[in-house]
Amino acid sequence: MVTGGGHLTAVPAVAFRSVTKAFGPVEVLHGVTFDIGSGEIHALIGENGAGKSTLMKILGGYQPQSSGEIVLDGQPVTFRSSREAEAQGVVLIHQEFNLADDLSVAQNVFLGRELGGALLDDTGMNRQAQAALARLDVQLDPRMRVRDLSVPQKQLVEIAKALSRNARVLVMDEPTATLTRRETDVLFALIRRLRDDGVTVLYISHKLDEVQALADAVTVLRDGAVVFSGPAAGRTPHDLANLMVGRELEEMFPDKGRPTRTEALHVGGLDVPGWAHDITFTLQAGEVLGFAGLVGAGRTELFEGLLGLRRHTVRQVRVAGRPTRIDSPGRAARAGVVYLSEDRKGKGLLVNALLRPNLTLMTLQQYARPLLDIRAETRALERAVTTYGVRTGRLDVPASALSGGNQQKLALARILEVDPDVIVLDEPTRGVDVGAKREIYLLIQALAQAGKGVIVISSELTELLGLCQRLLVVREGRVAGDLSGDELTEQEVIQYATGLKARAPALEAAPR
Ligand SMILES: Nc1ncnc2c1ncn2[C@@H]1O[C@H](COP(=O)(O)OP(=O)(O)OP(=O)(O)O)[C@@H](O)[C@H]1O
Ligand SMILES: [Mg+2]
């Protein structure tokens with residue numbers, strides 16, 4: 001049996017030999033060569049756009065390399081499709097989910113290899129899907145439509161789907177980006193069990209503490225080339241970050257500014273049936289206000305309600321002091337409130353459209369005079385690409401050609417095009433590399449300093465604590481805690497999030 005150390009077998013499970021990949025004239029992988037030991041957990045890290053997902057899609061048979069070779073257990077292989085790769089035990093869990101929205105959870109788990117003959121064995125598939133989810137400690141009705149799942153639930157279904165395929169080489173592209181710590185712990189335990197059963201796991205993550213905790217070996221890609229490949233032991237998250245960016249990183253969080261006494265947003269008595277109850281809060285201009293809580297606590301749904309994306313009732317909304325009715329994201333934007341959705345694929349970007357319309361979609365009127373002013377749009381895109389550090393070879397590509405983290409930056413650039421008073425960011429740094437994360441933190445701080453009110457929803461507690469002047473902790477659809485100053489500690493947040501502590505009913509939240 002192969003144990004933790006990896007590299008005990010002479011023949012690597014996977015070997016990349018001078019793999020290159022070009023999209024049109026742009027080469028994004030330049031002769032990538034490294035080995036993955038059989039039965040090891042091998043982390044692949046690198047900045048946004050470094051080429052991690054591209055390399056893994058090549059391994060998984062989703063796209064061909066331009067040149068070079070992939071060697072599996074000593075045998076050169078060519079996969080013309082993901083089906084061929086799966087037949088050899090190479091299974092990929094996608095960064096951007098690859099689920100069919102209109103099918104049920106069970107149908108997705110079994111997609112392409114349904115049980116039963118002419119008649120599908122739905123009962124059997126439901127039962128086995130439930131068992132696959134139970135391994136992940138997930139309670140989910142396998143008959144539910146994927147469309148109706150939350151983003152973390154989709155992620156868990158995606159993982160269950162891959163696990164039920166009996167992988168020999170399992171590739172996970174940022175599987176924990178949307179998971180809570182508890183879900184992550186369950187997943188890690190499972191990954192270690194798989195490793196002990198001889199499965200080789202390739203693991204992509206921007207969470208470098210996870211990489212340190214989990215990986216036997218690590219490979220660092222920088223701009224499409226390998227800059228390090230070797231044992232992970234003794235490498236701190238800080239070392240890994242420096243390897244990724246090729247220089248010493250500065251302090252992660254900028255200094256917190258101070259809120260003004262001017263009200264940016266007031267929400268009174270918001271109800272989102274099934275999700276949020278009697279939510280009342282005030283955001284000051286210049287304030288960075290965080291919403292903490294466990295995944296499923298209703299934070300996203302609360303704001304989807306406020307923005308008119310879900311059925312809701314509300315007693316009062318004021319934006320910059322003006323009583324306002326918001327019943328759609330478009331109206332909200334005109335009233336000065338913009339929202340960055342946590343689900344950039346489902347509700348954020350039009351992945352098949354070009355970067356330009358994606359950026360200016362919300363502000364089209366501005367560019368229509370009377371015909372769409374393509375040149376002004378292009379200038380806006382050039383500006384946004386520089387300001388937010390969107391890494392792309394060319395500007396005339398669809399959003400789907402951007403790496404995951406760079407799509408996130410584009411989504412952020414888009415909502416800021418409207419010059420809002422209030423900015424609501426749901427998981428703003430999901431999938432974003434350490435360097436770019438810091439840039440987004442600086443940007444958030446700069447927005448607050450410019451007098452905007454900023455709301456951040458994040459499942460990364462360190463991020464909320466490092467960034468926000470005040471935190472509202474949501475538990476079961478209600479504001480359970482309101483923390484600032486010295487109370488801003490992990491301990492406090494967890495106690496409120498889990499119900500160990502509850503706040504005395506504040507005046508603001510008094511019954512109607
Ligand atoms: N279909 C495509 N057409 C053109 N360029 C592409 C395409 N897919 C990826 N690229 C480019 O290849 C480069 C590598 O992208 P990739 O998605 O592999 O990055 P990544 O390392 O996974 O980044 P992230 O951490 O943001 O997920 C990027 O510059 C990206 O824009
Ligand atoms: Mg990627």
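The lining of the second largest pocket takes at least three residues from domain 1, which runs over 14-245, and at least three from domain 3, which runs over 348-416. Please bear in mind throughout that this is a predicted model.

How much space lies in this second largest pocket? About 1,100 Å³. There are 48 residues lining the second largest pocket, and those closest to its centre are Thr54, Ser400, Ala401, Leu402 and Ser403. If you look for the elements that contribute two or more residues to this lining, you will find β2 (26-36), α1 (52-59), β6 (90-93) and α15 (404-416), and the largest share, five residues, is the one given by α1.

Let me now turn to the ligand. Around ligand 1 there are 17 residues, of which Lys52, Thr54, Ala401, Ser403 and Gly405 come nearest. Which contacts do the oxygen atoms of ligand 1 make? An N or O atom in the side chain of serine 403 lies 2.7 Å from an oxygen atom of ligand 1, a polar backbone atom of glycine 405 is 2.7 Å from an oxygen atom of the ligand, and for alanine 50 a backbone N or O atom is found 3.3 Å from an oxygen atom of ligand 1. Finally, ligand 1 on its own has 640 Å² of accessible area, and the protein covers 84% of that area.

Terms used
Residues are numbered from 1 along each chain as its sequence is written. Chains are lettered from A and ligands numbered from 1 in the order in which they are written. This is a predicted model: local features need pLDDT of at least 70, side-chain atom pairs count only at pLDDT 80 or more; totals for chains, interfaces and linings use all residues. Side-chain values use heavy atoms; hydrogens and water are left out. On a 1 Å grid over the protein atoms alone, a cavity is a set of points where a 1.4 Å probe fits but cannot get out, and a pocket is an open set with protein on both sides within 12 Å along at least five of seven lines; lining residues have an atom within 4 Å of a point. Grid points are joined across faces, edges and corners, and a volume is the space filled by probe spheres set on the points. Helices (H or I, at least four residues) and strands (E, at least two) are DSSP runs, numbered from the N terminus. Domain bounds come from an automatic or database domain assignment. A residue is near a molecule or strand if one of its heavy atoms lies within 4 Å of it. A polar contact is a pair of N or O atoms within 3.5 Å; within protein, one must be able to donate a hydrogen and the other to accept it, and residues adjacent in sequence count only if both atoms are side-chain atoms. Accessible areas come from the Shrake-Rupley method with a 1.4 Å probe; for residues, only the protein chains shown count as cover.
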